[in-house]
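Look at the chain first, then read on.

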Amino acid sequence: MVLFVLGDDTVEFDDKATENMRKFHFFESLHPDAMYFLGATATDGNVYEDRPKLDQVNEPWLLAIQSRLWPEATVRKTAEQVWVLEKKDGEIIESSSNRNYLESIQATLAPGCRVRRERQALYTLQRRETKLVAWLSQFGVVPNKSHILKFPKNIPVEHIRDFVRGVIDGDGSIWIHNYRQVKGKETVYEYQYPGIAVYSASKPFLEELKIAIESQIEGELTISILEKESGGTNLVPETGIVHVLRIGSWSAYKVLRWLYYSPDLLCLERKRLVAEQIFAIYADPSKRDVDSVRQEIAEARELRLLRMSYGFIAQAMEISRGRVKNHCKGLPQVDVTQFLPGRRTDPQLIAVCRELRERGWSLYLISDEIGIHHATIYDNVKDIDVETIVTRSGDVAERQNGIDLIIDLAYKGWSLSMIVKETGFSKDKVKYWLKRVPERVRSEGSRKEVTSDIVTQIEQLYEQKVPRKEIAAAVHRSEATVKKYIRHYRKRKAKS
């Protein structure tokens, strides 16, 4: 009996087992590391008739694949410089020897980034291995696969996430977007949200990948597939189109949790570090579980359709009434049959509400008086049919008399400032109630002609040493108008 160790597993073979049989056990048994290698090769690798090949600027990643799966393969440097897609702050999102490929990503997902050349070595993992080529072909990973690639149907369900992790490490991106809303020089709102993207020339592959991810993760996911013009690249020279699968925000967090299920997985370390930063963001207790929020919204809407009041639902779900109202926005109006007798169960307090309402107090005035929300007051007094007599602004009859006076003075040609002084109402209130007066009347009132009789009256009162304010009130004109004609009178008097 021979023990053969590869990766984290130890497998027993009899003495007649060849080295080739032992080596391909991890591929033929569909080991998780083999599924990861399949995903990385399907998206970022090249398959020739006699060998598969992976190119990367990350030498440790290729060495990890070599040590865990393919010890006979070699990792060697093949280029001295590569192209990188870089953020404004200098963070590198993606690197490749193919400039056109990075420009496709830039145009599709990262218009604020730049593509530049960097003196960084490119490494290649490869070995002549026809048996491995045959194994890859069982899953549709064949030479010239870019446009014909499809999602393999024969991957074990429990290893789909290993394959997807390889796909993202091969031709995908994981990022954190920092959103900041600035007003003047002050940041008024700031938050971070994650994203995942996978790029491919084969739209059917991305569509099947989307279905596979959704089938493995509970709850609703936000996944979209975009189609963008790439301007013709080495990746997709025939069509000039690149397809992008995007997963955003909470959905990205759930997918990453599903992908990185163990600390010792075979993966690209750079992308795993970004995933761990995302886990740290959502570990903040202020960020609520989106799935639980969606469930809460559905439950609130269902109870509302059962004709329950917002207060009744709030008490049943132990959340605020305002939150319930937000959850139920857009629902048709319902005739409520179940509601709370009051937020405070004190029957004496409810009796006070009803007594004040019977006196003609408005709901808001009652709310101010006893400290209960006006909606709760409405629930308890809506059967009382009385006319409102007293509001927050005072007695309704007195208020109406004041409004009638404002309108009457406006029709008499009084200006806005004169009406304010006469009635004692604020300027804003007078302007509001003057909306009932036609524009023509208001214009005439503000620009009323000053006749010669009025000018004579102003001069006589001035000679009698009557204060200017009293003169303005006597002639029903503004103080500014009175001041102007007094100035003219004094000039004529000085000349004579």
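In this predicted model, Arg-323 and Glu-296 form a salt bridge, with their closest N and O atoms 2.7 Å apart. The two partners sit in distant parts of the chain, 27 residues apart. Arg-323 belongs to helix α13 (residues 321–327), and Glu-296 belongs to helix α11 (residues 290–305). Arg-323 is partly exposed at 29% relative accessible area, whereas Glu-296 is buried at 12%.

How many salt bridges are there by this rule? The count is 10. Three of them are set out here, including the pair just described.

| Pair | Closest N to O |
|---|---|
| Arg-323 and Glu-296 | 2.7 Å |
| Arg-307 and Asp-335 | 3.7 Å |

Arg-307 lies in the loop between α11 and α12, and Asp-335 in the loop between α13 and α14. They are 28 residues apart. Arg-307 is partly exposed at 38%, while Asp-335 is exposed at 55%.

Lys-421 is exposed at 54%. Glu-479 is partly exposed at 27%.

Now the cysteines. A disulfide is a covalent bond between the sulfur atoms of two cysteines. The count here is zero. Cys-328 is buried, at 5% relative accessible area. Cys-353 is buried too, at 4%.

Last, the covered helix. In α9 (residues 249–259), nine of the 11 residues are buried. Among them are Trp-250, Tyr-253, Lys-254 and Trp-258.

Technical notes:
Residues are numbered from 1 along each chain as its sequence is written. This is a predicted model: local features need pLDDT of at least 70, side-chain atom pairs count only at pLDDT 80 or more; totals for chains, interfaces and linings use all residues. Side-chain values use heavy atoms; hydrogens and water are left out. A disulfide is a pair of cysteine sulfur atoms within 2.5 Å. Buried means under 20% relative accessible area, exposed over 50%, partly exposed in between (1.4 Å probe, protein chains only). Helices (H or I, at least four residues) and strands (E, at least two) are DSSP runs, numbered from the N terminus. A salt bridge is a side-chain nitrogen of Lys or Arg within 4 Å of a carboxyl oxygen of Asp or Glu.
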